[in-house]
Amino acid sequence: MKLVVDEGVPRQLVAALRQAGLDAHRFRRDWRETSNGALIAAIEADGYALLLTNDKNIADQQSLKGRAVAVVALPLNRRAAIMARIDDIVDTIRRAKPGQHVVMGLDGSRRVRIIVDGRTIEERLPDLPSFKTR
């Protein structure tokens, strides 16, 4: 799966995702300042299957209905906390399907939002240990 890591996510995550066997790429410079709708269209047009971001609101702002791309939102952007949870992030990425928003919560929850017949359906993936840091 070809994925792009948003500019607000620690850049060290790209190398860690590659080591885990994912085709991860850094956020393109020419995408900065691009609105979420245009960004999702550009990511999809460039052949990416997933956007990894820390923008949890993107699910409320953009519909992925009919899109070939998924969005996974991390619960925070602290490098140490994120890098310590690579396996959980990789598992979440691998479970994401086109057209889904997956929001990882600080409490370890993973909520999946999809649009079916014009309705938003929320499902859950198995919970993870909490991401809460001291």
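Is aspartate 46 buried, partly exposed or exposed, and what is its relative accessible area? Select this residue in the predicted model and you will find that aspartate 46 is partly exposed, with a relative accessible area of 30%.

Because arginine 28 sits in the loop between β2 (23-26) and α2 (36-45), while aspartate 46 belongs to the loop between α2 and β3 (50-53), the pair ties together parts that are 18 residues apart in sequence. Arginine 28 is itself partly exposed, at 30% relative accessible area. Now bring in aspartate 30, which forms a salt bridge with arginine 28 (2.6 Å, N to O) and is exposed, with a relative accessible area of 51%. With these selected, you have Arg28, Asp30 and Asp46, linked in a network of salt bridges.

Move on to helix α5 (residues 86-95), where arginine 95 and aspartate 91 lie 4 residues apart, about one turn of the helix. Their side chains meet in a salt bridge of 2.9 Å, N to O; arginine 95 is partly exposed at 33%, and aspartate 91 is partly exposed at 27%.

Then turn to helix α4 (residues 79-83), which holds arginine 79 and methionine 83. Beyond its neighbours within four places in sequence, methionine 83 is in contact with Gln12, Leu13 and Ala16, and its C-alpha atom is separated by 7.9 Å from that of glutamine 12, 71 residues away along the chain.

Finally, select Arg11, Arg18, Arg26, Arg29 and Arg79, which gather in a patch of positive charge on the surface.

Key. Residues are numbered from 1 along each chain as its sequence is written. This is a predicted model: local features need pLDDT of at least 70, side-chain atom pairs count only at pLDDT 80 or more; totals for chains, interfaces and linings use all residues. Side-chain values use heavy atoms; hydrogens and water are left out. Patches are made of residues with over 30% relative accessible area and no salt bridge: like charges are joined within 9 Å, nonpolar side chains (Val, Leu, Ile, Met, Phe, Trp, Tyr) within 5 Å. Accessible areas come from the Shrake-Rupley method with a 1.4 Å probe; for residues, only the protein chains shown count as cover. A salt bridge is a side-chain nitrogen of Lys or Arg within 4 Å of a carboxyl oxygen of Asp or Glu. Lys and Arg count as positive and Asp and Glu as negative; His and the chain ends are not counted. The place of a charge is taken as NZ of Lys, CZ of Arg, CG of Asp or CD of Glu. Helices (H or I, at least four residues) and strands (E, at least two) are DSSP runs, numbered from the N terminus. Contact means heavy atoms within 4.5 Å. Buried means under 20% relative accessible area, exposed over 50%, partly exposed in between (1.4 Å probe, protein chains only).
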